[in-house]
Amino acid sequence: MKGIFHSYTGNALLNASLMTVEAMAQLRDVTGITPAVLLRLYEEKKLPAVNRRLKNYSMLFTINGPLYYPDDGEVYDALFREIVRSVEYEGSQVCELSGLRFNRSFEEVYLAALERIGVSEKEIAGRDLSVNRVWIPLIGSLGSDAQALPQAKYMVKVHPVCIALLQFLPFSSLLYRGGILLMDSSDFQLARTYVAMNYQEMTARIEQISTAEEVPNVSYSKGHYMAEILKLLEEKEKASDIYADLNLWSFSNSGTGASCQIDRVPCSLLRRLYQLNAVQIRRELEKILRTEAINRSFLEALEDNQEWGLLYPNVFGVGKKQVNHKGVSIAFFETYMRIVGDDAMLPYARYIASLIREFKSNSFETYLNKTDAWRQKDYRSDLQAVLIKATQAGRWSLAHHLQLPGLQEMPIKGISYSMYRCIHFYYQQGVRRERMPPIPEGNTSPVSMVCNWLIGLIQQDELSYRIIADLSDPQRYMQVGYNKLLCRAFERPEVCVEHVYYVLTDPRKYTFVKAALNDLLRIFFNQPIQETFPVSTLPLPENYPPLPVRKWLQQIADFAADYQAYFYDVYSHPETDALPLNKYLRTVMSIPLESSPFMYTFYEMTGRTNDWLKNDGHNRKWSVDLLYSPEGDFSVLFAAVALKLSLLKGYHHHLSESVLS
């Protein structure tokens with residue numbers, strides 16, 4: 001007998017039904033589906049009786065269809081047999097679900113079935129013979145469904161055989177997120193095998209339950225379904241063989257609350273799961289996927305290329321409700337991190353974990369056995385102490401430190417919590433001594449260039465011995481600042497106000513930040529061998545600083561120029577007009593950079609400058625507004641350094657001119 005279909009269709013529901021029939025009849029492909037096969041399965045599988053027992057049937061087709069009529073299934077049986085008896089292969093109409101051609105509409109077939117079993121014309125007139133949600137889930141019609149699904153504007157054209165095929169769908173329908181699961185994929189072989197697997201599970205459930213009892217729904221989480229799909233993907237030779245996305249539909253056709261959701265599973269996620277499904281960690285992955293409480297967060301993190309929090313050991317709850325989460329194995333952890341692109345830090349995390357085991361202090365050891373040790377307030381400082389000891393022993397260096405995540409881009413933020421957590425993971429896993437990771441040649445990251453630039457300035461400063469001693473001291477290194485150092489370097493063309501903003505300032509708040517920078521320089525100045533750096537030009541990013549900041553710095557420079565003009569005019573030699581360069585330099589160098597003393601000096605400077613401008617016929621008037629950032633924040637500390645350095649740069653300019661003249 002001629003097959004009804006040559007291939008699958010563009011309709012996910014109908015494809016799932018075709019695949020279910022293939023599984024039930026053990027067919028090689030969809031071309032083997034004939035009217036005779038459908039009728040045989042209908043009788044062998046006792047379709048009406050089983051569908052009436054399946055709880056999922058009402059979710060697919062509501063409770064308003066003839067299956068539930070009080071006629072012992074007479075109408076249902078007559079309609080199914082009429083459909084398969086009169087299957088058409090050609091016709092003037094085209095099915096909107098399958099693309100098949102036909103002449104006799106479903107309404108005509110339904111009418112013929114009712115007439116065949118002797119239903120009266122009066123009773124037939126009272127029945128709804130249209131294609132509606134009783135036959136095709138979520139479809140609208142011009143009949144009674146118009147209230148529930150008002151999008152229906154015309155009678156849908158459907159080949160009657162599609163109605164018969166859909167009646168087999170409950171035999172492979174599991175539940176997902178409270179609705180019927182429908183797995184849709186352009187990889188038809190994957191979808192076909194998956195539907196067959198679901199059919200086997202439903203068949204087992206049906207056979208285990210008495211024929212007098214209802215067959216309950218079978219429901220699983222997304223992770224469970226992904227675990228089952230992975231089993232089907234194991235035959236693939238490599239991840240690149242996985243080429244299709246998946247759609248996990250969850251829908252209900254019940255009542256007026258009919259709904260549909262789609263979880264899209266991109267090909268990229270399937271490939272990542274495939275890579276995680278390596279033999280040595282396969283059981284671990286399956287356990288995660290089948291644990292409903294955690295599998296959704298795991299899949300979301302993996303899909304978004306994010307760290308998953310439960311990779312790490314942790315403690316949840318308190319008291320009797322406390323749960324100790326052991327985290328994952330090292331093999332699973334490292335595979336996951338490689339897949340999401342965070343594996344660059346792993347060799348350093350392993351190595352630092354071994355350094356902790358070797359150089360930890362007694363106070364550090366008191367809480368290192370806690371799963372959340374990395375959260376402790378002293379963890380950062382205790383880890384820094386370990387790295388300093390390792391540096392002094394020649395087992396760590398600034399060059400190594402600058403390879404850690406978060407230490408490549410400005411502003412400097414220090415070691416990330418993600419790195420702390422990774423380090424502690426390896427420590428808790430018992431990682432012992434590791435080989436020191438190699439240092440890539442030619443580190444030209446912005447942070448590396450800032451460190452080299454500042455180290456060069458410190459090494460060539462007149463007070464370098466004091467700065468280096470303070471940076472090397474565990475008690476004093478955090479108090480080291482660089483404002484006075486940069487002001488003393490005013491003669492250098494490699495130092496300007498923009499560098500102060502770039503190196504030392506939080507661009508969001510215009511406050512000085514130095515903790516992370518001091519950590520880096522402390523490591524360098526504790527190295528047994530310290531390279532000498534020349535003071536070279538520190539490149540700034542393109543269009544840096546932003547235009548509003550440039551305008552603000554220009555205003556500060558304009559005030560510095562006015563103050564300098566006032567000072568030179570008032571204090572020049574009355575007879576020779578010689579500029580008071582030495583007096584000016586002493587005055588500017590004495591400007592304090594602390595908030596309160598600076599404000600007193602600033603008011604005095606602006607007052608005298610404004611009086612001079614007025615007497616000289618200028619309309620400009622300077623005020624405290626100069627100390628406010630473009631965002632309106634009072635940024636006195638940064639403004640003080642910017643002003644002092646601008647004044648010194650102006651002095652150096654005039655000094656150079658006087659020498660040349």
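Here is a short walk through a sheet, a helix pair and some salt bridges of this model. The model is predicted, so local features need pLDDT of at least 70 and side-chain atom pairs count only at pLDDT 80 or more, while totals for chains, interfaces and linings use all residues. Residues are numbered from 1 along each chain as its sequence is written, and side-chain values use heavy atoms, leaving out hydrogens and water.

Strands β3 (residues 175–176) and β4 (residues 179–185) run antiparallel and are joined by two bridges; Y176 has G179 of β4 as its bridge partner.

Next, look at helices α13 (residues 292–303) and α14 (residues 330–339), whose axes come within 10 Å and cross at roughly 45 degrees. Helices here are DSSP H or I runs of at least four residues, and axes are lines fitted to C-alpha atoms over the stretch in contact, with angles from 0 to 180 degrees between N-to-C directions.

Finally, the structure holds 27 salt bridges, each a side-chain nitrogen of Lys or Arg within 4 Å of a carboxyl oxygen of Asp or Glu. In one of them, R350 meets E334 with the closest N and O atoms 2.7 Å apart. R350 lies in helix α15 (residues 346–359) and E334 in helix α14, so this pair ties together parts 16 residues apart in sequence.

Key
Pairing = 2+ DSSP bridges.
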